[in-house]
Amino acid sequence: MSVLDDARPGPRLYDVTVPLRPGMPTWDGEPGPTLKPLKQIGLDGEPAQVSLLTLGTHCGTHVDAPAHFIPGGAGVDALPLDALVGPCRVIEVDPAAEGRAVIEPADLAPAAGGVQRLLLKTPSGQFWADPPFRRDFVGLSGAAASWLVGQGVRLVGIDELSVDPYDADPYVAHLTLLGAGIVILEGLDLRAVPPGEYDLLALPLRLDGADGSPARVVLRSL
């Protein structure tokens, strides 16, 4: 995670995008990103460098489309831009402090009401410093997902690779949020972001019909 324009006066820009690199944490055995040269300057007379990028649609910081879990659901190219761009709130939640492994409505209610875009900063965000994939990350309960739907939230983000706990069966939080048309933003790096109000810019690749896409995500302090 990096802070952009940190020395300049005025609002601060936080790049909360996880760098795509070999060896990064990826979902339980999925291959990580690779970048291989197709053309190299000076090789066979080539004047330019061109590379081949290979990665999964849910690698690193990414957006989930309804098609990820809902048969016939919309692809990432159909997501509304006005849900991905606009005011948001970062809140810090730690259900482990209450002896729980999942986020419940009571963890959200004090700070999450009245917002359309909500980003959840959890203890699991520290796992980005530890390359192996960890299964013990914090996720939303089904009740918490339903509570967010009832609040009229349009986008929910979290600092791990899934809004559901690893062993969720079925993936209730995904099904509840995506079924209600709520955009899911996963794999954020919020470690250096204080809780508070920000402007959000989260732009996935415009992949026709895809179930998700990596995204570059930036927060601007207000």
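For the linings below, Ala, Val, Leu, Ile, Met, Phe, Trp, Tyr, Cys and Pro count as nonpolar, Asp, Glu, Lys and Arg as charged, and the others, Gly among them, as polar. The model is predicted: local features need pLDDT of at least 70, side-chain atom pairs count only at pLDDT 80 or more, and totals for chains, interfaces and linings use all residues. Residues are numbered from 1 along each chain as its sequence is written, and side-chain values use heavy atoms, with hydrogens and water left out.

**Stop 1: the cavity**

Select Pro25, Phe127, Asp130, Pro132, Phe133, Arg134, Glu160 and Leu161; these residues line the largest cavity. A cavity is a set of points, on a 1 Å grid over the protein atoms alone, where a 1.4 Å probe fits but cannot get out; lining residues have an atom within 4 Å of a point. How do the lining residues of the largest cavity divide? They comprise 5 nonpolar, no polar and 3 charged residues. The volume of the largest cavity is about 40 Å³. Volume here is the space filled by probe spheres set on the points, with grid points joined across faces, edges and corners. Searching the whole structure turns up 1 cavity of 30 Å³ or more.

**Stop 2: the pocket**

Now select Trp27, Glu30, His58, His68 and Leu161. Of the 13 residues lining the largest pocket, these lie nearest its centre. A pocket is an open set of grid points with protein on both sides within 12 Å along at least five of seven lines. The largest pocket holds about 180 Å³ of space. Its lining splits into 4 nonpolar, 7 polar and 2 charged residues.

**Stop 3**

Select residues 155–158, strand E10. Strands (E, at least two residues) and helices (H or I, at least four) are DSSP runs, numbered from the N terminus. In a regular strand the side chains alternate between the two faces of the sheet. On E10, Leu155 and Gly157 sit on one side, Val156 and Ile158 on the other, and all are buried. Buried means under 20% relative accessible area, exposed over 50%, and partly exposed in between (1.4 Å probe, protein chains only).

Two strands pair if DSSP finds at least two bridges between them. Leu120 has Ile158 of E10 as its bridge partner. Gly157 is bridged to Leu185 in E11.

**Stop 4**

Go to Arg89, in strand E6 (residues 85–92). A polar atom of the Arg89 side chain lies 3.1 Å from the backbone oxygen of Gly113. Not counting residues up to four places away in sequence, Arg89 touches several residues, including Ala111, Arg117, Leu119 and Glu197. Contact means heavy atoms within 4.5 Å.

Extend to strand E12, residues 196–204: E6 and E12 pair antiparallel over 6 bridges. Cys88 stands opposite Tyr198 in E12. On to strand E13, residues 212–221, paired with E12 in the antiparallel sense over 7 bridges. Leu203 has Arg216 in E13 as its bridge partner.

**Stop 5: the loop between E10 and H4**

Select Ala168, in the loop between E10 and helix H4 (172–179). Ala168 counts as buried because its relative accessible area is 16%. Next, find the peptide bond between Asp169 and Pro170: this bond is cis, with omega about -5 degrees. Tyr171 lies in the loop between E10 and H4 as well. Is Tyr171 buried or partly exposed? Tyr171 is partly exposed, at 26% relative accessible area. Leaving aside neighbours within four places in sequence, Tyr171 is in contact with Trp27, Phe69, Asp164, Pro165 and Tyr166. The C-alpha atoms of Tyr171 and Phe69 are 8.6 Å apart, although 102 residues separate them along the chain.

**Stop 6: two positive phi values**

Most residues other than glycine have a negative phi, and most peptide bonds are trans. Select Asp28, in the loop between strand E2 (13–15) and E3. Phi of Asp28 is positive, near 20 degrees. Finish at Asp44, in the loop between E3 and strand E4 (50–54). Phi of Asp44 is also positive, about 60 degrees. Asp44 counts as exposed because its relative accessible area is 75%.

Definitions and conventions
A polar contact is a pair of N or O atoms within 3.5 Å; within protein, one must be able to donate a hydrogen and the other to accept it, and residues adjacent in sequence count only if both atoms are side-chain atoms.
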